[in-house]
Amino acid sequence: EDFNLGSELMVGHKVGLSTDAETPSDGLHRRHTNWVVAIATTPKVMQEVVTSLDEVKTDVRRLKQPRVVFEVSRIGTAPVDGYCVEGQPCTVRLRLRRDVNALDCRIVPGSAEWGFVNPRSEIFSQAPRLDDTSGSNLGPAWEDRIIRIMTPAGLQPTANFTFVASYTDCPGWVKGEPPLEYQSEPVPFTIRQVGE
């Protein structure tokens, strides 16, 4: 069968070209120019498509990232004495476990910060650890840990105890990206002033 320039394989609208204009005396030249423009812009369009696909892949990959790394029991986590005193060391019993979706996550050494958040201000006040901070791996079963912190000043009578840390190697994370940062679920602690 003869190759037909007017066949649907070559009709301009297949690539978004207008074909309903009158054909000038140099119609063949005009048609040729339109196809050159279409071919010249195709790499740019293709690059935009590839970029969009890459963004979708990244979004899908990040959906695999765990929602939390550790689950903290609001019932089993509390000051050993029932309260912490501002400006004084406080011994805390932690009851926590690693989320099953975060078993592969690895903490960035030195990234953990312990502290309190005042409910009305949402400002994080650091509570430095006073004991060994080397830590150990936790599994998906609940475990109790005892830690000792320095209670910061300026806390409200009830302040939320929490910790923040950065992690790598989690599902959905790839090497070269910044570490993922997670904050534990806040647990209300009773705070007293010195002398109360």
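This is a predicted model: local features need pLDDT of at least 70, side-chain atom pairs count only at pLDDT 80 or more; totals for chains, interfaces and linings use all residues.
**Aromatic pairs**

Let us start with the rings. The structure holds eight aromatic pairs. One of them joins Phe70 and Tyr167, a tilted pair with 6.4 Å from centre to centre and 55° between the planes. Phe70 belongs to strand β1 (residues 70–72) and Tyr167 to strand β9, so this pair ties together parts that lie 97 residues apart in sequence. Both Phe70 and Tyr167 are buried.

A further pair brings together Trp114 and Phe163. Their ring centres are 4.7 Å apart and their planes stand at 35°, so this pair is tilted. Here, too, distant parts of the chain are linked: Trp114 sits in strand β6 (residues 113–117) and Phe163 in strand β9, 49 residues apart. Why does Trp114 count as buried? Its relative accessible area is 12%, and buried means under 20%. Phe163 counts as buried as well, because its relative accessibility is 7%.

Here are the two pairs side by side:

| Pair | Centre to centre | Angle between planes | Geometry |
|---|---|---|---|
| Phe70 and Tyr167 | 6.4 Å | 55° | tilted |
| Trp114 and Phe163 | 4.7 Å | 35° | tilted |

Which residues do ring pairs link into a cluster? The cluster takes in Phe70, Trp114, Phe116, Phe161, Phe163, Tyr167, Tyr182 and Phe189.

**Two loop residues**

Now for the loops. Glu185 is found between β10 (180–183) and β11 (187–192). Is Glu185 buried or partly exposed? With a relative accessible area of 46%, Glu185 is partly exposed. Setting aside neighbours within four places in sequence, Glu185 is in contact with Val72, Arg74 and Phe161. One of these, Phe161, is also a member of the ring cluster. The C-alpha atoms of Glu185 and Val164 are separated by 9.8 Å, and these residues are 21 residues apart along the chain.

Gln156 lies in the loop between β8 (143–150) and β9 (158–168).

Key
Residues are numbered from 1 along each chain as its sequence is written. Side-chain values use heavy atoms; hydrogens and water are left out. Helices (H or I, at least four residues) and strands (E, at least two) are DSSP runs, numbered from the N terminus. Rings of Phe, Tyr and Trp (its six-membered ring) pair if their centres lie within 6.5 Å; planes under 30 degrees apart count as stacked, over 60 as edge-to-face and the rest as tilted. Buried means under 20% relative accessible area, exposed over 50%, partly exposed in between (1.4 Å probe, protein chains only). Contact means heavy atoms within 4.5 Å.
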